[in-house]
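Okay, thanks everyone. Let me put the model up, and then I'll walk you through a helix and some aromatic rings.

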Amino acid sequence: MDPFQNRRWVIILIILSISFIFVFRLLYIQVINKEWAERASQISSKVENIQPPRGFIYDRNGKLLVGAEKVYDIYILPKAIIETDSSKICKLFNISIEELRSLLHKATSGYNVSYKASVIFESLSKQEHARVSPYLGQIKSVYAKAKTDRGYPYEAAPHLLGYIRRISQKQFQRAMDSGDNFYSKNDFIGITGLEKIYEKELRGQRGNVNYLKDYAGNKVETIDKNPAQPGKDIHTTIDVELQKLGEELMKNKIGSIVAIEPSSGEVLCMVSAPYYKPSLLTGKDFAKAYKNLKRNDSIKPLINRPIYNDRYRPGSIFKLVQALIAMEKGVIDSNTSFICDKSIIGCHNHEQPDNLMKAIKHSCNPYFFHVYKKIILSNHFDNYFEESRKGLKKWEEDVRSFGFGSVLGADIPEEKSGFIPNVQFYDKWYGKKRWAFSTIYSNSIGEGEIGVSPIQMANLAAIIANKGFYYTPHFVKNIDGNQIAKKYRTKHLTCVSEKYFTPVISAMNEVVKSGTGRSAQIDSVEVCGKTGTVENKMFNDHSVFIAFAPKENPKIAIAVYVEYGTWGSKWAAPISSVLMEYYLNRKNSKIGLKKLEIIKEAIILNPKSDFTN
């Protein structure tokens with residue numbers, strides 16, 4: 001008998017036994033025991049988006065207006081929550097179980113799903129993150145992720161700059177429907193101001209990294225990486241020091257300031273009062289701060305008055321427009337004289353307006369009653385009502401050439417058009433052939449149904465400074481050094497020839513030298529201005545002033561509107577002078593500083609206002 005025969009069977013038996021063990025083990029791992037199947041499925045490749053850093057915003061002199069601060073979001077993965085997590089989460093973040101349930105409901109509803117992490121606490125500061133980070137490792141369903149939030153070194157211009165918030169489901173869907181696939185559910189998006197208008201430029205381009213992960217979710221190997229492209233930096237036209245000074249002057253007041261560089265249409269400052277610190281609308285306390293601001297309905301601090309409040313009556317500053325249109329039509333000239341007849345329309349005592357300069361200097365109401373009448377009615381007409389319709393139609397066209405009655409097109413959201421009454425409006429209000437000049441004469445002095453926005457008032461000052469043209473007011477100087485859009489470099493002409501602006505400019509200079517606007521005087525600077533007092537039956541009248549300086553080669557045009565300020569020369573005019581002097585000289589004189597202190601201390605409010613600025 002072969003002695004190796006038995007050994008052969010032993011070896012075969014050993015091989016079969018080992019094979020059986022391997023087969024059984026593989027069967028157990030792959031079929032019977034699901035744990036290993038789950039682990040295998042988790043060893044996979046993953047693509048992770050890289051959020052680009054948002055672009056910064058600077059003022060015209062390179063000073064940082066909007067930067068970035070490192071903060072932390074807390075994410076939760078609902079699917080990964082175990083029984084003991086709830087109490088740990090509640091204790092760590094000092095919330096009730098009901099609040100946690102509410103957060104979990106949000107994390108699993110809408111476009112949120114249980115198998116994807118959602119943010120439950122936003123924008124924790126470094127200190128707040130340091131407190132919770134040692135304990136996050138004990139809760140597998142919760143983790144922190146660093147991000148950059150907006151920071152505001154100057155805490156200025158909140159209405160202009162705007163704010164960003166996490167994208168809503170509606171905004172996300174709107175972006176997807178428009179073919180914009182940039183956003184994920186945890187991204188931030190510009191909501192108001194420049195943050196909204198220039199969202200695509202500021203947001204940058206998303207990157208991604210493709211890597212392998214093991215069953216525990218740990219990164220094993222990076223396959224490829226596409227870096228994110230940072231958002232573009234925006235250099236605005238705003239002078240932040242002028243902006244801060246304007247906000248200081250408008251403290252405890254309601255109204256607005258808009259200053260423009262006439263030669264370019266660049267907005268130098270835009271103040272909406274009351275205002276708030278832009279940092280209020282960042283971080284984890286955003287919702288609370290927003291509700292507090294929204295709740296204050298009496299003064300509406302969230303409204304951007306310079307562009308949104310378009311039904312301000314311009315008052316006497318509109319007499320400048322009437323004078324220019326009348327001269328262009330040839331119905332008056334600079335030497336035209338009218339008697340100041342107070343029985344026609346009320347006026348204050350002043351020397352007789354025997355020429356246009358004196359009429360503007362003293363803001364004579366009866367004079368401009370006659371000017372408007374000559375614009376609307378010809379000397380000879382057969383039908384009073386028909387002639388009034390024809391005259392108003394042409395007047396409306398001429399007024400619109402000054403940028404009134406339509407949106408100027410500034411690069412800021414929610415700009416409104418204002419209102420210039422026309423034939424259709426009065427036909428609807430009074431009925432056809434039931435109105436005439438005698439019905440609408442209050443338009444002659446900027447009252448009646450005329451409605452304008454503060455940015456339109458400032459644009460009027462720029463038009464007169466330029467002797468008949470303007471550039472669309474805008475807030476951005478360049479984006480990463482690239483030239484602004486063509487529409488902001490396009491000159492818009494009014495219906496009035498250049499030569500007719502000279503007598504109006506001289507008259508505005510006299511207004512400040514020895515007329516109603518003496519409080520706007522600046523030492524060694526020729527200022528041209530016009531006061532306005534807008535009637536307000538409910539409380540004090542509103543104070544209005546427009547101006548530009550210097551008279552030759554103007555560098556700044558400005559409009560100030562102070563609600564309940566009584567009359568134009570009392571508050572709006574001195575506020576304008578302080579700002580113009582600072583912009584031109586980069587400092588204020590002793591007289592200017594004295595004005596500044598008086599204005600700062602003044603509280604000018606409707607007694608019904610709940611002012612919390």
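First, a term: buried is under 20% relative accessible area, exposed is over 50%, and partly exposed is in between, with a 1.4 Å probe and protein chains only. This is a predicted model, so local features need pLDDT of at least 70, side-chain atom pairs count only at pLDDT 80 or more, and totals for chains, interfaces and linings use all residues. Residues are numbered from 1 along each chain as its sequence is written, and side-chain values use heavy atoms, with hydrogens and water left out.

So, helix α11, residues 286–295. Helices here are DSSP runs of H or I, at least four residues, strands are E, at least two, and both are numbered from the N terminus. Phe286, Ala289 and Leu293 are the buried ones in α11. Down the axis, they fall within an arc of 75°, so they line one face; that arc is taken over directions from the helix axis to the C-beta atoms. Turned away from that side you've got Lys288, Lys291, Lys294 and Arg295, exposed.

Now rings. Phe, Tyr and Trp rings (six-membered ring for Trp) pair if their centres lie within 6.5 Å; planes under 30 degrees apart are stacked, over 60 edge-to-face, the rest tilted. That rule gives 24 aromatic pairs. Take Tyr163 and Tyr290: edge-to-face, 6.5 Å centre to centre, 65° between planes. Tyr163 sits in the loop between α6 (158–161) and β6, Tyr290 in α11, 127 residues apart. Tyr163 is buried at 8% relative accessibility, while Tyr290 is partly exposed at 26%.
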